[in-house]
Amino acid sequence: MNEVDVSGVIEGAGSLLDDDGKPKRTGTAWTASAHIITAVIGAGVLSLAWAMAQLGWIIGISSIFLFAIVNLYTSNLLADCYRSPDPVTGKRNCAYMEAVRSNLGGKMHMMCGFVQYSNLIGPAIGYTITTAISVVTIRKINCFHQNGIAASCRFSTNPYMIGFGTVEIFLSQIPHFHKLSWLSILAALMSFGYASIGAGLSLATVIQGKGKSTSLVGGSKIQSPADNMWNMLIALGNIALASCYSQMAVDIQDSLKSSPPENKVMKVANRIGISTMTICFLACACSGYAAFGSETPGSILMSSGFKEPFG
């Protein structure tokens, strides 16, 4: 093989790699948006109706918009931290801890890493339990439909927790996050699916004239002021937690191709994802609160939400 052939092979191999030696990223603003939507429109969206019931129309809607604005601002700041010291030509920071270490230095990244992974463990356990409860709820609804609401429909969640946990372990072994774009798109469609079902059933209840009374300021008249205040704080926490994806934002940005610059593409994805999130949050929260009023359950698709959606 002559010198020309060798250089051609080297150039061909180089075209398959990015500037950090890793396989060339292929992500776009749309795939990044799908990752973001999958992260924020999770099971937590179904609890936003309860949060709205605690806060009322004024504070509830204002809080959703406020958290969206704050989330967009901080996410755009984080997008400029993917490369350092220059946000366009600097060295890549492929994970959240690397971005913290490059920008803050010292041992700060160890502390932030501990907080990050602690925050990831909690939601991972929560989603596993929520998934199992959701599957059991579907079985209960079918049971109520076949045998009547008075029937004793009890099912164990253990098999579903074990099954979902096994799938999570398998998917976590896929080495390149950008290879999961198809999964995030599928998950985003599923997220829209159950959020739309919840909002649709709530709207149907309101249209049928079965909606409960609501309030501009929220709270419950049968609870003490202290309990109402506590529930309002929990509601604000639910909205903030549901809209947060900062722990995985850098990983999402690391899936983007290098041209155009990743920070610019990520900011576009942030706008698309957070705008979609806000619309979905408002639809679920407002329709659920309008349907159930102060008696809104913790999840509009579980508990005392809809036991007979077929009628």
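Which backbone oxygen lies 2.6 Å from a polar atom of the side chain of Ser63? The backbone oxygen of Ile59 does, a polar contact being a pair of N or O atoms within 3.5 Å, where within protein one must be able to donate a hydrogen and the other to accept it, and residues adjacent in sequence count only if both atoms are side-chain atoms.

Colleagues, this is a predicted model, in which local features need pLDDT of at least 70, side-chain atom pairs count only at pLDDT 80 or more, and totals for chains, interfaces and linings use all residues. Residues are numbered from 1 along each chain as its sequence is written, and side-chain values use heavy atoms, with hydrogens and water left out.

Ser63 is part of helix H3; helices are DSSP runs (H or I, at least four residues), numbered from the N terminus. Ser63 counts as buried because its relative accessibility is 8%, buried meaning under 20% relative accessible area with a 1.4 Å probe, protein chains only. Setting aside residues up to four places away in sequence, Ser63 touches Leu55, Leu236 and Ile239, contact meaning heavy atoms within 4.5 Å.

Helix H3, residues 48-79, also holds Ser75. Ser75 is buried at 7% relative accessibility. Beyond its neighbours within four places in sequence, Ser75 contacts Tyr245, Asn270 and Ile274.

I turn now to the aromatic rings. The count is one aromatic pair, with ring centres of Phe, Tyr and Trp (its six-membered ring) required to lie within 6.5 Å. Trp57 and Tyr289 form this pair, at 4.9 Å centre to centre with 50° between the planes, and the arrangement is tilted, as planes under 30 degrees apart count as stacked, over 60 as edge-to-face and the rest as tilted. The pair links distant parts of the chain, with Trp57 in helix H3 and Tyr289 in helix H10 (residues 262-292), 232 residues apart. Tyr289 is buried, at a relative accessible area of 2%.

Methods
Helices (H or I, at least four residues) and strands (E, at least two) are DSSP runs, numbered from the N terminus. Buried means under 20% relative accessible area, exposed over 50%, partly exposed in between (1.4 Å probe, protein chains only).
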